[in-house]
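Please keep the structure open while going through the points.

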Amino acid sequence: MLKLRIITACILVPLVFGALFVPAPYNPWLWIAAVTLFILGIGGWEWGRMAGLGKHSPMVGLAFAAIGLGVWFYDPAVLQSSVLHALTLLFWCVFVPVYLYRPFAIKHKAVLLLLGLLILLPAYF
């Protein structure tokens, strides 16, 4: 497991630095968005594995990345609204402390996928 994390870091670090220091004639924000979208896809893949989707977890990663890309092309300001950030803040300040105080199992995969979107999508924007 550690070996896989090190390989992932060896791939992501050059991508992030390459996107940050892209030459002037190219649009740097497009490269940063592409790398962040790639990272969002990897996060969705991992989230699908944690949700217990097994062999379907790569599809979850692609779906999360596609949702992020679709919303970004539609209107990036939509997800920068205070509603999404308020929901995420509510999740981290209310749901997570309650869960840490009294752990419980979430058995519905749809709820787990919605929580994954709530956690990962604001990281993209």
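**Notes on the model**

1. The count comes to two salt bridges, a salt bridge being a side-chain nitrogen of Lys or Arg within 4 Å of a carboxyl oxygen of Asp or Glu. The model is predicted, so local features need pLDDT of at least 70 and side-chain atom pairs count only at pLDDT 80 or more, while totals for chains, interfaces and linings use all residues. Residues are numbered from 1 along each chain as its sequence is written, and side-chain values use heavy atoms, with hydrogens and water left out.

2. One of the salt bridges joins the side chains of Arg5 and Glu46, at 3.7 Å from N to O. The pair links distant parts of the chain, since Arg5 is in helix H1 and Glu46 is in helix H2, 41 residues apart. Helices here are DSSP runs of H or I with at least four residues, strands are runs of E with at least two, and both are numbered from the N terminus.

3. Glu46 also forms a salt bridge with Arg49, where the closest N and O atoms are 3.3 Å apart. Glu46 and Arg49 are three residues apart in helix H2, so about one helical turn separates them. Through shared partners, the salt bridges join Arg5, Glu46 and Arg49 into one network.

4. Glu46 counts as partly exposed at 23%, and Arg49 is partly exposed at 42%. The cut-offs are these: buried means under 20% relative accessible area, exposed means over 50%, and partly exposed lies in between (1.4 Å probe, protein chains only).

5. The axes of H1 (residues 2-20) and H2 (residues 28-50) come within 8 Å and cross at roughly 160°. That makes H1 roughly antiparallel to H2. For the angle, axes are lines fitted to C-alpha atoms, for helices over the stretch in contact, and values run from 0 to 180 degrees between N-to-C directions. Angles under 35 degrees count as roughly parallel, over 145 as roughly antiparallel, 65 to 115 as roughly perpendicular, and the rest as oblique.

6. H1 passes H2 in a left-handed crossing. A crossing is left-handed if the near helix is turned anticlockwise from the far one by less than a right angle, and right-handed if clockwise.

7. Which residues meet between H1 and H2? From H1 come Arg5, Leu12, Leu15, Val16, Ala19 and Leu20, and they meet Pro28, Trp31, Ile32, Val35, Phe38, Ile39, Ile42 and Glu46 in H2. Sorted by class, the contact of H1 with H2 has twelve nonpolar, no polar and two charged residues. Ala, Val, Leu, Ile, Met, Phe, Trp, Tyr, Cys and Pro count as nonpolar, Asp, Glu, Lys and Arg as charged, and the others, Gly among them, as polar.

8. Gly18 also has its place in helix H1. Gly18 counts as partly exposed at 41% relative accessibility.

9. Phe64 sits in helix H3 (residues 57-74) and counts as buried, at 5% relative accessibility. Leaving aside neighbours within four places in sequence, Phe64 is in contact (heavy atoms within 4.5 Å) with Leu40, Gly44, Trp47, Leu113, Gly116, Leu117 and Leu120.

10. Leu117, one of those partners, lies in helix H6 (residues 109-124). Leu117 and Phe64 are 53 residues apart in sequence and 7.1 Å apart in space, C-alpha to C-alpha. At 21% relative accessibility, Leu117 counts as partly exposed.

11. Thr88 belongs to helix H5 (residues 82-101) and counts as buried at 11% relative accessibility.

12. Buried residues make up 26% of the 125 residues. Among contacts between residues at least 6 apart in sequence, 65% join residues at least 24 apart.
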